[in-house]
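Let us work through some packing questions. Have the model open beside you.

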Amino acid sequence: MEQGRAREAASAQPYASVRVPQQGGQAHAQARGEHTHSEPPAPRLVQRHSVRGQILDALRSALVDGELVPGEVYSAPVLGERFGVSATPVREAMQQLAVEGAVEVVPNRGFRVAERSARELAELAEVRALIEVPVMLRLARTVPVARWSELWPLAEATVAAAAVGDRAAYAECDRAFHRAVLALSGNQQLVSVADDLHRRSQWPLVSAPAPRRADLLADAAEHTALLEALMAQDLTVVQSLVREHFTGSVS
């Protein structure tokens with residue numbers, strides 16, 4: 001085991017490029033090891049010190065984008081070939097996703113992407129609302145306007161990601177905004193739990209169409225509206241916006 005990890009560390013560059021699975025039937029065929037003759041699209045590149053961290057981020061983005069299809073089984077060695085690394089960091093990243101509930105282990109085959117229902121998404125929205133609504137109402141009463149103003153760049157980042165239709169980038173910006181708002185409570189356990197629920201709500205539904213850019217823009221606009229309501233200490237609008245944002249969220 002230690003020798004295998006040593007070889008992996010020696011072969012990985014400090015900023016290794018990681019290729020994310022591409023969309024469409026060709027990607028699914030390649031994920032299963034089948035040969036395709038057409039030239040694959042240019043891969044998305046990720047740069048980080050940790051190869052495992054790169055793979056984990058790439059897989060999370062692929063989940064949000066729908067490149068890893070709910071119900072499909074993916075082999076760590078085959079995905080490792082696509083990413084240009086050994087199966088070890090892929091398997092470790094997949095194990096983390098299994099802990100998060102994004103995939104399940106299929107003995108001797110790999111990992112199956114979890115299939116979620118509309119009911120599960122509604123339950124996640126309900127739990128998020130139970131946690132975040134009272135916290136945001138309390139923060140609206142106590143946080144100075146100047147502190148809320150510091151969050152404008154995060155709200156604007158969600159709008160920018162939505163404008164270009166980048167679902168993976170939007171998902172990251174969306175969570176960053178909500179983390180920053182909840183962090184003003186000073187309760188890191190709350191932030192951690194809420195962020196985990198938020199991440200789970202971003203995985204695609206079974207057979208659901210991908211969110212349109214217009215859907216992303218509408219969702220992002222709720223961030224700026226919420227920030228304005230928080231700055232104005234308009235508790236009625238804050239409560240309404242947060243509940244609507246969770247129940248109608250596309251991320």
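This is a predicted model: local features need pLDDT of at least 70, side-chain atom pairs count only at pLDDT 80 or more; totals for chains, interfaces and linings use all residues.

Student: In which sense do strand β2 and strand β3 pair?
Tutor: Strand β2 covers residues 103-106 and strand β3 covers residues 110-113. Four bridges join them. The sense of the pairing is antiparallel.

Student: Which residue in the turn of the β2 and β3 hairpin has a positive phi?
Tutor: Three residues lie between the two strands.

Student: Are α6 and α12 roughly parallel or antiparallel?
Tutor: Helix α6 (residues 118-142) packs on helix α12 (residues 235-247) at an angle of about 155°. Angles over 145 degrees count as roughly antiparallel. Therefore α6 and α12 are roughly antiparallel.

Student: How many residues in the contact of α6 with α12 are nonpolar?
Tutor: On the α6 side the contact includes A125, V133 and M136. On the α12 side it includes L235, V238 and F246. Two residues of the contact are polar and four are charged. The nonpolar count is 10.

Student: Is the crossing of α11 and α12 left-handed or right-handed?
Tutor: Helix α11 (residues 213-232) packs on α12 at an angle of about 160°, with axes 9 Å apart. α6 passes α12 in a right-handed crossing. The crossing of α11 and α12 is left-handed.

Student: How many charged residues are in the contact of α11 with α12?
Tutor: D219 and E222 are among the α11 residues that make the contact, and E244 is among those of α12. Eight residues of the contact are nonpolar and two are polar. The charged count is three.

Conventions:
Residues are numbered from 1 along each chain as its sequence is written. Side-chain values use heavy atoms; hydrogens and water are left out. Two strands pair if DSSP finds at least two bridges between them. Axes are lines fitted to C-alpha atoms, for helices over the stretch in contact, and angles run from 0 to 180 degrees between N-to-C directions. Angles under 35 degrees count as roughly parallel, over 145 as roughly antiparallel, 65 to 115 as roughly perpendicular and the rest as oblique. A crossing is left-handed if the near helix is turned anticlockwise from the far one by less than a right angle, and right-handed if clockwise. Contact means heavy atoms within 4.5 Å. Ala, Val, Leu, Ile, Met, Phe, Trp, Tyr, Cys and Pro count as nonpolar, Asp, Glu, Lys and Arg as charged, and the others, Gly among them, as polar.
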